[in-house]
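The following explanation leads through a model of two protein chains, from single residues to the contact between the chains. Please keep the sequence and the coordinates in view while reading.

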Amino acid sequence: MRTPLVLFCLLVAMCGVMAACFVTEEAPTSRGVEHSDFETMHQGGPDARHSRRVLMLGWGFGMLQIALYVGCLILAVGGDAKTRGFVTMLILCGFAYVGVFTAMVTVYAQTVGTAEPKFLGSFPAATTWMLFVLWPVPLLFVVCYVVGFKRWVWTPSDRERFEQILAAREIEQEVSD
Amino acid sequence: MEENRPIVILTCVAVYLVMCIGIGLWAMRRTKSSRDFFMAGRHLGIVVTSVAVFSSTMSGFGFVGGPGLVYRMGMSSLWMVVCTTIGFSLTFFLLGKRLRLFAELRDSISLPDAVMARYNSATTSCLTAVAILLGVTGYLAGQILAMATVLQSVLKDIEGIGVIRIEFSVAISCLVLVFYCVTGGIIASVYTDLIQGFVMMIAAGLVFVTAMYAVDGGFEGMSRTLVADDSEAISPWGTLGILGVLSWYFLFTLGGAGQPHVITKLMMTREVGDARHMLPLTILGYTVSALLWISIGLAMRTLVLQCAHPELAKADNAAPAFLQDYAHPLLAGIVFAGLLAAIMSTADSFLNIGAAAVVHDIPRAMRGRSLVNELFWARTATVIIAAVAAGFALYSGERFVALLGAFGWGTFAAAIVPTVAIGFNWKRATPMAANVAILSSLFINFGVKLLEMFTDFTIPFKIHEGALALMVSLTLFFGISLMSRQQKIADDIEAVMEL
């Protein structure tokens, strides 16, 4: 009961962020404009289009999304005593995910208004965070799934119980036929 | 080999198409019932299902539209790729076990069948089938048009053939597609997906290396050129901006668990436990294939900005232009085959679930029983759906196809994520909440698209209408279910939901 209620609250908050977007003034280049030399391309224009308010809305939207995803994962594994260890692992991974997203937005925010972004590897630092940290960080959930599968997701006792349910269903069908 | 480029490309494409027909004939011998036709008898192995899942997700969009979007908007569209690690995780956590259990328990052969079992409501099952059918028609029309365009561009450089009419191109591509879908049903579909998936991965890997050497300085060279032109294009948000991009992230992350052509495959595995290995394999396959999306888009934007390549006539030409001018003829041939593969792997899945909706789900919801001789009618429906979609693609005009396309990913996401992905994991979810979620999904996706087409209305910051629809439908679904009294669920379903 608790997890669905939390998910509902997160969704209401997300709707609130969307509503705030409708009343936030947009810069002329906020969604990109046609490139000055090549008409099949777009340009983002000055990075000042990402004002403090827009960045905060974006950060909030991203954080709520991540919380919603982790909540959905917890809903899937069931939040009872049997899976408490698994849920704790998922929450810890969720903190890592939130931390990486925040770091990426912060690194980007620090470059707004500067002449040229600082490079980290082959890309601007914030883009490197996105490609090489934010993209792979949810693999932590994949590791949890693979490692914890037999212990929490599909246990031998689950299998046994399912076979009993199947057998009961077959008997029920035979009787009704 | 360079002077025979068109012939080499045509040969690769022809070999691929013949292979599809061969698989269709082989699968025909294994398709003896509608259960085989729609569910592959629930005998699919781990690798086959994993590859089928990622190749159906990728679609022609990933190989043509994706590079085109990177060319046009910089990094914005990469969020559709970046989201896959968490997106596939959500799909497998929420549905990997649950859908497979429902399918075995109730012998379900389609998603609406499983919905019927969960909610015990013919209306919810019927609405799910209708949403699927609407989405399928729109998506399929787009895929058929893309398939025909690719074939047309392959044939246009062949001496003695030249530019052929689009109708002829649609006819050839549809014939191959329909042949293997009709003869072998989902068995042919998933085994062609297997070939298609491997072709896509090989093509993407080779293209990635080629793109790296096409620009001086490799990816760093590309980045420096893009920064000098417009630093926002190579920032994490691309030209679209943070809010628009994060709406895509939301839609494509959570929406993945609502794509019927993808999640239906989770019902077909041999063992429930197979999901454990399928999740990492699916992510690996998709990531490798997405290298083409990223590398071609960045390379072509850079080459045009450096004036090393003339400006493209339209952004979607990024992949064909790159292959034509920078790839070895054999690689171009493999990628063109990969391109057709990407389109067909999605189209065949749509045909199969569309046929299931017409001959199985809607009749069962309305009459309480399936059609007699379901296998025959499934094959007939496959042909009819393909013909209708081809007709839409050819004669309804680009605007109408685009409108139907709006019923694609966004509608599936907003209708099916609450009803299936959440509802199958939460006993309190009610049929009424599911019905409202599905209807709101159709209403918002279609309504916003109509408004944007015929008025000056746009959503602020170019937030995707599908993301809004998904958010609203999920909120309604949770809100209505929490406020209603819990409904009785069948004992066996309730027991399975506790596992």
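**From a loop residue to the interface**

B:Asp107 has a relative accessible area of 39% and is therefore partly exposed; buried means under 20% relative accessible area, exposed over 50%, and partly exposed in between, with a 1.4 Å probe and protein chains only. This is a predicted model, in which local features need pLDDT of at least 70 and side-chain atom pairs count only at pLDDT 80 or more, while totals for chains, interfaces and linings use all residues. Residues are numbered from 1 along each chain as its sequence is written, chains are lettered from A and ligands numbered from 1 in the order in which they are written, and side-chain values use heavy atoms, with hydrogens and water left out.

B:Asp107 sits in the loop between α6 (98–106) and α7 of chain B. Helices (H or I, at least four residues) and strands (E, at least two) are DSSP runs, numbered from the N terminus. The phi of B:Asp107 is positive, near 55°, in a residue other than glycine. Most residues other than glycine have a negative phi.

Among the buried residues are B:Asp113 and B:Arg118, together with B:Leu111, B:Val115 and B:Met116. Just after α7(B), B:Asn120 takes a positive phi of about 55°. B:Asn120 belongs to the loop between α7 and α8 (122–155) of chain B and is exposed, at a relative accessible area of 61%.

Further along chain B, helix α19 (residues 431–454) contains B:Ser440, which counts as buried at 9% relative accessibility. Leaving aside residues up to four places away in sequence, B:Ser440 touches B:Ser473 and B:Leu476; contact means heavy atoms within 4.5 Å. B:Thr455 is in the loop between α19 and α20 (465–483) of chain B and is partly exposed, with a relative accessible area of 39%. Its C-alpha atom is separated by 44 Å from that of B:Phe37, 418 residues apart along the chain.

Chain A has 6 helices and 4 strands, in the order α-β-β-α-α-β-β-α-α-α from the N terminus on. Its radius of gyration is 23 Å, well over the 16 Å that the globule rule gives for 177 residues, so chain A is more spread out than a compact globule. This radius is taken over C-alpha atoms, and the rule is 2.2 Å times the number of residues to the power 0.38. Along the principal axes, the C-alpha atoms of chain A fill a box of roughly 75 × 35 × 35 Å. A:Ala168, in helix α6 (residues 156–176) of chain A, is partly exposed at 41% relative accessibility. The C-alpha atoms of A:Ala168 and A:Gln110, 58 residues apart along the chain, are separated by 63 Å. Buried residues make up 49% of the 177 residues in chain A.

How many residues of chain A are in contact with chain B? There are 84, and they meet 88 residues of chain B. The area buried between the two chains is about 7,700 Å², with 75% given by carbon and sulfur atoms; buried area is the accessible area (1.4 Å probe) that two parts lose on being put together, summed over both. A:Arg31, A:Trp135 and A:Tyr145 supply 10% of the area that chain A buries against chain B, more than any other three residues.
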